[in-house]
Amino acid sequence: MGQATYIEAIRAEIRVRHYSYQTEKSYLYWNRYFIRHCNIRHGDDITPALIEHFLCFLAVQCKVSASTQKQALCAIIFACRHVLKIETKELQFPYAKTPQRIPQVLSSDEAKLIISFLSNYHHLIGSILFGAGLRLKEALRLRIKDIDLSTKSIFVYQGKGQKDRVCMLPNGLVDELTLQMSHVKKIHDRDLVEGFGLASLPISLIKKYRSSAAKFHWQYIFPASRRCIHPSDEYTCRHHIHPTAFSRELRKATTKSNTNKRVTAHTFRHSFATSFLLKGHDIRTIQELLGHSDVKTTQIYTHVIGGHHTGVISPLDNL
């Protein structure tokens, strides 16, 4: 199996399993990198020893993070298991050390101040991240049909780990969301007049839903300013805005607010969780709202809020 055939076989296996486009790009990148670095001419030449050599090279020479090395490992093992039909158990290589970090959080006042410096639809995105605890990509992937104004609910489909969940919709965002939806409706109507109007759907779903893909409820809440060609199905559609667009505006807003903390889009999610803990809500409830599979993931926020919120007193204060 030649290099080109091998890469196309990996792509086919990814799409059969309906993995996201981001996962597809990542897996193909790491397998191409692996093939070039080890000078592999045919897929059948891949051995566990070569995989160990490459992963060792990433950790020792490239000094990549633990998450990057793990991503490369998953990409290569996926190809070996599903394309070459070989097992790669008991690989011997040095793992990059995973740091144990406590997430940066904002107080409610700090979060609201930063959001106030966001303009246009970026203000709404920041409000959803902090008010509902969504990840940035989950917020950007919201479609008209995912918002239920009557029950004040946000439906997140195929979130991290391909999990669906229901999140709260803050009352204060109803009017802003209604206004944004009317803005999307104008864009969609203009696309229809110009002979377009198809929404960007996951890979190959356009074949099943093409008759309804041009309907309003499939449109993104935060549509991109320009139409594009779908990367796999090659039809003209309108995708959502790129994550870097919000990140760029968030950096500007953080600077204007004079907040002396490192703030990213995910900081709002951390702040959402800690604000619930500070109000005395049960950690299981927070776990469900965040969509964590294991409560251990949610428990990290109990360390973030500090010991003084649990009644612990420093011995210095007893003097």
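Of the 319 residues of the protein chain, 45% count as buried, where buried means under 20% relative accessible area, exposed over 50%, and partly exposed in between, with a 1.4 Å probe and protein chains only. This is a predicted model, in which local features need pLDDT of at least 70 and side-chain atom pairs count only at pLDDT 80 or more, while totals for chains, interfaces and linings use all residues. Residues are numbered from 1 along each chain as its sequence is written, and side-chain values use heavy atoms, with hydrogens and water left out.

**Overall build**

- The protein chain has 14 helices and 5 strands; helices (H or I, at least four residues) and strands (E, at least two) are DSSP runs, numbered from the N terminus.
- The C-alpha trace of the protein chain spans about 70 × 65 × 35 Å along its principal axes.
- Among contacts in the protein chain with a separation of 6 or more, 61% are between residues 24 or more positions apart; a contact means heavy atoms within 4.5 Å.

**Helix 1 and helix 4**

- Helix 1 (residues 3–16) and helix 4 (residues 66–84) have axes that come within 10 Å and cross at roughly 90 degrees. Axes are lines fitted to C-alpha atoms, for helices over the stretch in contact, and angles run from 0 to 180 degrees between N-to-C directions.
- Helix 1 and helix 4 are therefore roughly perpendicular to each other. Angles under 35 degrees count as roughly parallel, over 145 as roughly antiparallel, 65 to 115 as roughly perpendicular and the rest as oblique.
- On the helix 1 side the contact uses Tyr-6, Ala-9, Ile-10, Glu-13 and Ile-14, and on the helix 4 side Phe-78, Ala-79, Cys-80, His-82, Val-83 and Leu-84.
- Sorted by class, the contact of helix 1 with helix 4 has 9 nonpolar, 1 polar and 1 charged residues. Ala, Val, Leu, Ile, Met, Phe, Trp, Tyr, Cys and Pro count as nonpolar, Asp, Glu, Lys and Arg as charged, and the others, Gly among them, as polar.

**Helix 6 and helix 11**

- The axes of helix 6 (residues 121–132) and helix 11 (residues 265–278) cross at roughly 30 degrees and come within 7 Å. That angle makes helix 6 roughly parallel to helix 11.
- Gly-126, Leu-129, Phe-130, Gly-131 and Ala-132 of helix 6 meet Ala-265, Phe-268, Arg-269, Ser-271 and Phe-272 of helix 11.
- By class, the contact of helix 6 with helix 11 has 6 nonpolar, 3 polar and 1 charged residues.
- Ser-271 lies in helix 11 and counts as buried, at 1% relative accessibility.
- Not counting residues up to four places away in sequence, Ser-271 touches Val-105, Leu-106 and Phe-130.

**Aromatic rings**

- There are 12 aromatic pairs in the structure. Rings of Phe, Tyr and Trp (its six-membered ring) pair if their centres lie within 6.5 Å; planes under 30 degrees apart count as stacked, over 60 as edge-to-face and the rest as tilted.
- Tyr-29 and Trp-30 form an edge-to-face pair, 5.1 Å centre to centre with 70 degrees between the planes.
- Tyr-29 is partly exposed at 43% relative accessibility, whereas Trp-30 is buried at 6%.
- Phe-34 and Phe-54 have ring centres 5.3 Å apart and planes at 55 degrees, so the pair is tilted.
- Phe-34 is in helix 2 (residues 21–37) and Phe-54 in helix 3 (residues 48–60), so the pair ties together parts that are 20 residues apart in sequence.
- Phe-34 is buried at 0% relative accessible area, and Phe-54 is buried at 0% relative accessibility.
- One aromatic cluster is formed by Tyr-29, Trp-30, Tyr-33, Phe-34, Phe-54 and Phe-57.

**Charges over rings**

- The charged end of Arg-143 sits over the ring of Tyr-220, 4.2 Å from its centre. A charge sits over a ring if NZ of Lys or CZ of Arg is within 6 Å of the ring centre and within 35 degrees of the ring normal.
- The charged end of Lys-185 sits over the ring of Phe-216, 5.8 Å from its centre.

**Ala-199 and Gln-219**

- Ala-199 is in the loop between helix 8 (174–193) and helix 9 (206–209), and counts as buried at 0% relative accessibility.
- Leaving out residues up to four places away in sequence, Ala-199 touches several residues, including Arg-143, Trp-218 and Gln-219.
- Gln-219 lies in the loop between helix 9 and strand 4 (228–229), and is buried at 5% relative accessibility.
- Beyond its neighbours within four places in sequence, the contacts of Gln-219 include Arg-143, His-188 and Ala-199.
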